[in-house]
Amino acid sequence: MPTVQVTDVKDDDFLLDVREDDEWQAGHAAGALHIPVSEFVARYGELTEAAPQDGRVHVICRSGGRSAQVTMYLAQQGIDAVNVDGGMQVWQAAGRAVVNDKGEPGFVL
């Protein structure tokens, strides 16, 4: 499965966060699209509308398990998708910004 390190994700890369609502509200990467894995199939159209046509989708969750499942699904649909290794835990540990819904500093549940 295609995987990238947190340090390889650039600020302008398209990021899809598949964690659940409570995790998202506690803290997420600014600018990420949020579609919980539990709602992903039903809301798939939101991703195809928002994702860059010829760009890559970076998929992230808390530690990498759920995002790996979504990455495999997207690859089967012909979308250039990669799993962000270690997820939001590594994102935060690497010093990357984590914000809440108000744009204030957040944290990873």
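**View A. The largest nonpolar core.** Of the 15 residues in the largest nonpolar core, those touching the most other members are Leu16, Phe40, Leu47, Val57, Val59, Val70 and Leu74. At least two residues of this core come from each of β2, α2 (44-50), β4 (57-60) and α3 (65-76). A nonpolar core here is a set of buried Ala, Val, Leu, Ile, Met, Phe, Trp, Tyr and Cys residues joined through side-chain atoms within 4.5 Å. Buried means under 20% relative accessible area, exposed means over 50%, and partly exposed lies in between (1.4 Å probe, protein chains only). Helices (H or I, at least four residues) and strands (E, at least two) are DSSP runs, numbered from the N terminus. The model is predicted: local features need pLDDT of at least 70, side-chain atom pairs count only at pLDDT 80 or more, and totals for chains, interfaces and linings use all residues. Residues are numbered from 1 along each chain as its sequence is written, and side-chain values use heavy atoms, with hydrogens and water left out.

View B. Leaving aside residues up to four places away in sequence, Leu74 touches Leu16, Phe40, Tyr44, Leu47, Val57, Val59, Ile79 and Ala81. Contact means heavy atoms within 4.5 Å.

**View C. Leu47 on helix α2.** Leu47 sits in helix α2. Its relative accessible area is 1%, so Leu47 is buried. Beyond residues up to four places away in sequence, Leu47 touches Phe14, Leu16, Leu33, Ile35, Phe40, Val57 and Leu74. Leu47 and Leu16 are 31 residues apart in sequence. In space, their C-alpha atoms are 8.2 Å apart.

**View D. Thr71 on helix α3.** Helix α3 also holds Thr71. With a relative accessible area of 0%, Thr71 is buried. Its contacts, not counting residues up to four places away in sequence, are Met1, Pro2, Val59, Ala81, Val82 and Asn83.

**View E. The Arg96–Asp11 salt bridge.** Arg96 and Asp11 meet through their side chains in a salt bridge (3.4 Å, N to O). Arg96 lies in the segment after α4 (87-93) and Asp11 in the loop between β1 (3-4) and β2 (14-17), so the pair ties together parts that are 85 residues apart in sequence. A salt bridge is a side-chain nitrogen of Lys or Arg within 4 Å of a carboxyl oxygen of Asp or Glu. Arg96 counts as buried, at 18% relative accessibility. Asp11 counts as exposed, at 77%. A search of the whole structure finds 6 salt bridges.

View F. The side chains of Arg43 and Glu39 form a salt bridge (2.6 Å, N to O). Another salt bridge joins the side chains of Glu46 and Arg43 (2.8 Å, N to O). Arg43 counts as partly exposed, at 22% relative accessibility. Glu39 is partly exposed too, at 29%. Glu46 is partly exposed, with a relative accessible area of 35%.

**View G. The largest pocket.** The largest pocket has a volume of about 170 Å³. Its lining comprises 14 residues, and Asp11, Leu15, Ala29, Ala30 and Trp91 lie nearest its centre. By class, the lining has 8 nonpolar, 1 polar and 5 charged residues. Ala, Val, Leu, Ile, Met, Phe, Trp, Tyr, Cys and Pro count as nonpolar, Asp, Glu, Lys and Arg as charged, and the others, Gly among them, as polar. On a 1 Å grid over the protein atoms alone, a pocket is an open set of points where a 1.4 Å probe fits, with protein on both sides within 12 Å along at least five of seven lines; lining residues have an atom within 4 Å of a point. Grid points are joined across faces, edges and corners, and the volume is the space filled by probe spheres set on the points.

**View H. Leu109 after α4.** Leu109 is placed in the segment after α4. Its relative accessible area is 38%, so Leu109 is partly exposed. Leu109 touches Asp22, Glu23, Ala26 and Arg62, not counting residues up to four places away in sequence. Leu109 and Asp11 are 98 residues apart in sequence and 22 Å apart in space, C-alpha to C-alpha.

**View I. Gly78 in a loop.** The loop between α3 and β5 (81-84) contains Gly78. Gly78 is exposed, with a relative accessible area of 66%. Gly78 and Gln89 are 11 residues apart along the chain, and 28 Å separates their C-alpha atoms.
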